[in-house]
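Subject: Structure for your files

Hello,

Here is the structure I said I would pass on. My notes follow it.

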Amino acid sequence: MANAQTPKKHLKTYPGASVDVTWNKPLCIHVGECGRAEGELFTAGHDPWCTPDVSSAEDVVDVVLRCPTGALSYTRKDGAPGETAPAHNRVTVSNHGPLYLTGDLAIGGAPSEDEAPGVRFRAALCRCGLSKNKPFCDNAHEEGGFRDRGAVGKRGELGEPGTGTLTVSRAENGPLLLSGPFSIVASSGRVAFRGQKAALCRCGSSKNKPFCDGAHRSAGFVADGD
Ligand code: SF4
Ligand code: FES
């Protein structure tokens with residue numbers, strides 16, 4: 001089956017009978033959750049890379065939702081509902097890498113929903129300060145040698161997680177500002193913080209990562225691309 005390039009230059013859509021899969025290239029940091037999935041839905045080096053009709057629509061959706069950056073999204077053509085947000089918003093601090101967000105997300109600076117439907121629910125945000133695609137991760141942490149294992153020292157109130165939209169905005173040349181119910185999960189998998197507001201470091205210099213400690217000022221952080 002031939003793949004079809006949509007008119008939006010960063011998007012590639014792979015059509016299937018009951019579900020289409022769309023890939024947003026600038027958001028993909030090649031984590032590989034799609035390629036490692038069982039079966040031949042995604043096959044590296046094969047044209048097309050993705051063939052939705054080799055799997056059931058449910059299996060296609062299952063694999064697409066593993067994509068932690070929102071680069072992959074899907075459109076059901078069989079009347080089944082599209083992607084919805086999980087009940088609770090989570091920010092996972094990765095080992096030497098980005099912040100992975102899942103939930104009901106409103107990310108300032110994100111492309112419009114029809115340009116990047118996945119990041120309404122899944123996103124990888126830069127926390128090393130080096131991405132050229134801020135607020136999203138572009139893997140610049142690898143070349144830049146960013147080191148932080150993703151431990152979280154501060155502990156918030158660990159009550160029941162709330163529900164609602166998590167809004168993420170950016171302070172000028174400063175942190176990510178989170179507003180709305182969310183949990184922060186350390187790279188170990190421990191839920192370390194629950195709250196409604198936080199300023200998270202995106203310059204890479206804080207001594208209290210993932211939180212901002214004001215070090216962006218002395219570091220002279222300039223969020224180019226904002
Ligand atoms: S799972 Fe998403 S981010 Fe990872 S390689 Fe696939 S499309 Fe790219
Ligand atoms: S943004 Fe890194 S310390 Fe404030």
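A residue counts as buried if 20 or more other C-beta atoms lie within 10 Å of its own, exposed if 12 or fewer, and partly exposed in between, with C-beta atoms placed from the backbone. Ser188 is exposed, because 12 other C-beta atoms lie within 10 Å.

This is a predicted model: local features need pLDDT of at least 70, side-chain atom pairs count only at pLDDT 80 or more, and totals for chains, interfaces and linings use all residues. Residues are numbered from 1 along each chain as its sequence is written, while chains are lettered from A and ligands numbered from 1 in the order in which they are written.

Ser188 sits in the loop between strand 10 and strand 11 (strands are DSSP E runs of at least two residues, numbered from the N terminus). These two strands form a hairpin with five residues between them, and Gly189 in the turn has a positive phi of about 100 degrees. Strand 10 and strand 11 (residues 191–200) pair in the antiparallel sense over eight bridges; pairing requires at least two DSSP bridges. Within the pair, Ser179 is opposite Lys197 of strand 11.

Regards

Key:
Helix = DSSP H or I, 4+ residues; strand = E, 2+ residues; numbered from the N terminus.
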